[in-house]
Amino acid sequence: MNKLKKEYLFFKQQEPNMRTLLLTNMLYALVLPVVEIFVGAYVMRNTSDPVSVAFYQLFMYIGIVATSFLNGFLLRYINVKYLYAEGILVSGLSMFAMMTVQSLGFTELGIAGFAMGAASGFFWTNRYLLTLNNTTDGNRNYFFGLESFFFSIASITVPLVIGAFLGTIDGKEILGVVIHINLAYQLATVAVIFLTILACIVLWKGTFTNPVQKDFLYFRFTLLWRKMLLLSSLKGMVQGFLVTAPAILVLKLVGD
């Protein structure tokens with residue numbers, strides 16, 4: 001308990017904006033596993049088609065690229081806090097909208113995938129921007145270390161909790177209503193929306209300013225930066241495979 005108290009006191013010594021950003025990200029850490037795992041599972045359950053899963057993931061990544069590019073222009077006119085909050089809220093709302101659609105055709109999957117990608121694009125782009133502007137070389141490792149700790153814990157516990165919830169409540173009758181699996185997904189999504197709203201309330205306590213606007217689109221780089229871009233591209237290819245392929249393998253080899 002003394003060690004936990006020291007950790008808490010050290011956290012309280014940090015700048016208010018940094019603490020606000022950390023708390024916001026910790027809350028959203030409870031949402032990310034749902035976005036990354038259960039949306040794909042929902043698509044699999046309602047389509048039973050590997051092509052549909054891949055199509056959804058494709059439009060999600062198109063949304064990430066498009067909004068990351070758009071974000072650079074919007075920063076000239078809109079406070080970074082609003083863009084960050086938009087990414088947080090849209091992720092929950094787009095999930096709920098997709099899960100209330102009666103049938104998931106390619107049109108619906110494309111729109112839902114793009115919306116989820118748009119949310120991720122606004123979230124990650126502004127998250128890194130806010131982190132850069134509200135941390136220093138002296139505390140940045142602490143920030144990412146604590147944040148990664150909570151992200152890792154949430155990535156383990158949230159799938160266990162929601163998976164147990166979906167498996168337990170499916171087919172049960174509560175207050176005269178039989179809970180089918182899609183309704184159970186919708187109930188889980190309502191909890192996600194609540195968490196996104198709570199994260200935005202915490203975020204609003206911070207006083208964040210936009211960086212000095214500079215050009216953000218470049219075509220000529222130094223050799224070192226080109227190497228970094230190559231590494232990022234390879235990492236992105238691996239990430240795309242890890243998001244899409246396991247879902248399709250589970251669908252083909254395991255089923256529900």
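About 40 Å³ of space lies in the largest cavity. Keep in mind that this is a predicted model; the chain averages a pLDDT of 84, and 99% of the residues score at least 70.

**Exercise 1. Work out how many cavities of 30 Å³ or more the structure has, and what lines the largest cavity.**

Step 1: Start with the count. Searching the whole structure turns up one cavity of 30 Å³ or more.

Step 2: Val34, Phe38, Met95, Met99, Ile162, Leu166, Tyr185, Ala188 and Thr189 line the largest cavity.

Step 3: Sort that lining by class. You get eight nonpolar residues, one polar and no charged.

Step 4: Trace the lining back to the helices. H3, H5, H7 and H8 each put in at least two residues, and H8 has the largest share, with three.

**Exercise 2. Describe the second largest pocket: its volume, its lining and the elements that build it.**

Step 1: Take the volume. The second largest pocket holds about 210 Å³ of space.

Step 2: Assign elements. Helix H1 (2-12), H2 and helix H7 (140-169) are the ones that give two or more residues to this lining. H1 makes the largest share, four residues.

Step 3: Eight of the lining residues are nonpolar, none is polar and one is charged.

**Exercise 3. Check whether the length of H2 fits its residue count, then find out whether H2 is mostly covered or open.**

Step 1: Helix H2 (residues 16-28) has the highest confidence in the chain, at 89, while strand S2 (residues 177-178) has the lowest, at a mean of 74.

Step 2: Do the length check. H2 has 13 residues, so at 1.5 Å a residue it should span 18 Å; its end C-alpha atoms sit 18 Å apart, which agrees. If you expected a bigger number, remember that the 1.5 Å is multiplied by one less than the number of residues.

Step 3: Count what is hidden, with buried meaning under 20% relative accessible area. Eleven of the 13 residues of H2 are buried, so H2 is mostly covered. Among them are Asn17, Arg19, Leu22 and Tyr28.

Step 4: Find the neighbours. The buried residues of H2 pack against H1, helix H3 (32-47), helix H5 (80-100), helix H6 (106-134), H7 and helix H8 (181-203).

Terms used. Residues are numbered from 1 along each chain as its sequence is written. This is a predicted model: local features need pLDDT of at least 70, side-chain atom pairs count only at pLDDT 80 or more; totals for chains, interfaces and linings use all residues. Side-chain values use heavy atoms; hydrogens and water are left out. pLDDT is the predictor's confidence in each residue, from 0 to 100. On a 1 Å grid over the protein atoms alone, a cavity is a set of points where a 1.4 Å probe fits but cannot get out, and a pocket is an open set with protein on both sides within 12 Å along at least five of seven lines; lining residues have an atom within 4 Å of a point. Grid points are joined across faces, edges and corners, and a volume is the space filled by probe spheres set on the points. Ala, Val, Leu, Ile, Met, Phe, Trp, Tyr, Cys and Pro count as nonpolar, Asp, Glu, Lys and Arg as charged, and the others, Gly among them, as polar. Buried means under 20% relative accessible area, exposed over 50%, partly exposed in between (1.4 Å probe, protein chains only). Contact means heavy atoms within 4.5 Å.
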